Structure formats: C-alpha cells, structure tokens
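Colleague: I have not looked at this one before. Can you walk me through how it is put together?

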Amino acid sequence: MKAIALFTQNLSTGGVQKSVSSLANYLSSIYKVNIILAEDDKSIEYELENGINIYKIKTKIIDIEKDGVGEEIFKYRVEALDAILEKLNVDLALSYEDYNNLILLQTKARCKKLVSCRVSLSQSYKTKNPIHLLDSSFYFEMIRELYPKADAVIAVANHIKDELLALNPSMKTCTIYNGIKELEVIKDSISDEDFILNIGRLHPQKGQKDLIYAFNSIKDEIEQNLIILGDGVLKKELESLILELDLGERVFLKGFSDPYPYIQKCDLFVFPSYY
C-alpha cells in the first residue's frame, strides 16, 4: 500500500482543517495516510479513521521580537518536516495553505509534492501585518520561485489559479473546488425560529463585524435574529460588540455546531467574507 502525507498547520477548527480530515478519512481505505502538523499545541477537533498516523512538529521556544525570527522559524519547520518525511518515506505529500506549501517545497524529500492554494494572493498579502512573522514580499518571492517545482498546484477557484499563473506561468496548476456534502432531510434539532445565518471562523477575513453592524442598522425593520456559527480569535471582540450595540437578545454566537439543521431552517444565509 502506498503512503501519503498531508501537511497542515493544525487540526483545531476551520475550513482547511475540515478539508484535511475529510480527505484523510476518505483516502485511508486506499493509502497509508499520515497527517503532519506544524503546531503541537492545538487540540484535534475532528474524528479520524483508525490507522491514520499523526505527527507534530515540536514548537520551538524563541524570542519573537528579534530580527529575522520569521525566517528562523520557517527554516526550523523545513528541517523538521524533512526529517519526518525521510522517516515515513511517503510516495506523495500534499500541503495546505501558502506558508506550509513553501515549507514542503523547501524540503529535500523526493516524493511527489502537491500544494493546495486556498486564498487570493492579492487580498491575503497586501496587508502590512506579517503573516507567520513574515512580510508579504516573502510570500510573493517564494511562491514565484518554488511553486513551479511542485508536481501540481491546486487552486480552489479559477481566480486564484489565474493569480498564480500571472506570478509565474510555468506552474502546473489546476482548479479543484471544495466539496459540498449532499444535504439529506434532517430532523429539526434546533429551537430557533426566524433567523439569518452566518457560518465561519471568527476572524477579520470573514467580515462578521460588518455583518453585526449591518444587522444593527436594520434590526428594527425585521423580525429575524442573527445566528453566527463558528469560533476563533475574534470571539471576545464580537461578544463585546454585541453588548455595546445592545444586541444580546438578537445576535447569538453559537460556537461550532452541526451546521446542516441551521442551513435548512434559516431564512437567509449571509456570506460577508472579504476574500
């Protein structure tokens, strides 16, 4: 049986994490599946089939204020991933998100290497704030240099593929959209009535602050409440905003719940993500 490795940041919560766990479970009946995580301090929130092996890169204690720390951590993770891949001797490695993709492509592993690109380059890396302690210029330069070395560059949308090819037309790119679970008729397991729904990680990218402000501007004109499913770094800030706007009886953060009953029952689904 051939062996594969899926490399990602963690398996806590989020769209990437769900994609990794779903793909790993599906492929576990065909291949020997290994999941390698760049972080060792996050809990695993998704059920995995028996036989799937988990490997974690040990977190390095480091002074994040010193110059060049982003490059230092990046190189450390390249070396750590290289050692794990050499031990596993996999036939194929698939990584998720640009940061991890670049780490994989820097390794010396001789296996086939596939990388999954899931966000717009122009939107993600136009910020002045470092991502993984690395400036946006790092990503543009390294993507231009390393992505053509991948056996395949998989984009989740055509506009992402077009941005990649504009950066370097020699990349072997294709588009594979995110899968959609076919909805079955689900017995109602929620008591909420008349509501607007948003689902997503609580993160600035997802636009939930704008959604709450927009809801506040029309709350007296509609009967529906607003329900947001998800968790993340903005949870406390969104909770404070809800209190500030006196929306405690109208806007509800439900955390991570089975989304399908909510999807079937909502009056309107709103998707306010920036990209």
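Modeller: One term before the helix pairs come up: axes are lines fitted to C-alpha atoms, for helices over the stretch in contact, and angles run from 0 to 180 degrees between N-to-C directions. Also, this is a predicted model.

Colleague: Fine. How many helices and strands does the chain have?

Modeller: Nine helices and eleven strands make up its secondary structure. The radius of gyration is 20 Å, close to the 19 Å from the globule rule for 275 residues, so the chain is as compact as a globular protein of that length.

Colleague: And what box do the C-alpha atoms fill?

Modeller: Roughly 60 × 45 × 40 Å, taken along the principal axes.

Colleague: Now the sheets. What is the strand order in the open sheet of seven strands?

Modeller: The order is β3-β2-β1-β4-β5-β6-β7, and the pairing is parallel. At the edges are β3 (53–56) and β7 (173–175), each pairing on one side only. On average, neighbouring strands of this sheet are turned by 20° against each other, direction ignored.

Colleague: Which helix packs on the sheet and touches β1, β2 and β4?

Modeller: That is α1, residues 15–27. The direction of α1 makes about 170° with that of β1 (3–8).

Colleague: What about α6, which strands does that lie across?

Modeller: Helix α6 (residues 158–167) lies across β5, β6 (152–155) and β7. Its angle to β7 is about 170°.

Colleague: Helix pairs next. At what angle do α3 and α5 pack?

Modeller: About 45°, with the axes 10 Å apart. The pair is α3 (residues 98–106) and α5 (residues 136–146). The crossing of α3 past α5 is left-handed.

Colleague: Which residues make that contact?

Modeller: From α3 there are D98, Y99, L102, L105 and Q106, and from α5 there are F138, Y139, M142, I143 and L146. By class, the contact of α3 with α5 has eight nonpolar residues, one polar and one charged.

Colleague: What joins β8 to β9?

Modeller: Five bridges, linking residues 195–199 to residues 225–229, with the strands running parallel. F195 has N225 in β9 as its bridge partner.

Colleague: How does α7 sit against α8, then?

Modeller: Helix α8 covers residues 235–244, and the two pack at an angle of about 10°, with axes 11 Å apart. That angle makes α7 roughly parallel to α8.

Colleague: And which residues meet there?

Modeller: Q208, K209, I212 and Y213 of α7 meet E237, L238, L241 and I242 of α8. The residues of the contact of α7 with α8 divide into five nonpolar, one polar and two charged.

Terms used:
Residues numbered from 1 in each chain as written. Predicted model: local features only at pLDDT ≥ 70, side-chain atom pairs only at ≥ 80, totals over all residues. Heavy atoms only, no water. Pairing = 2+ DSSP bridges. Helix = DSSP H or I, 4+ residues; strand = E, 2+ residues; numbered from the N terminus. Contact = heavy atoms within 4.5 Å. Left-handed = near helix turned anticlockwise from the far one by under 90°. Nonpolar A, V, L, I, M, F, W, Y, C, P; charged D, E, K, R; others polar. Rg over C-alpha atoms; globule rule 2.2 N^0.38 Å. Parallel < 35°, antiparallel > 145°, perpendicular 65-115°, else oblique.
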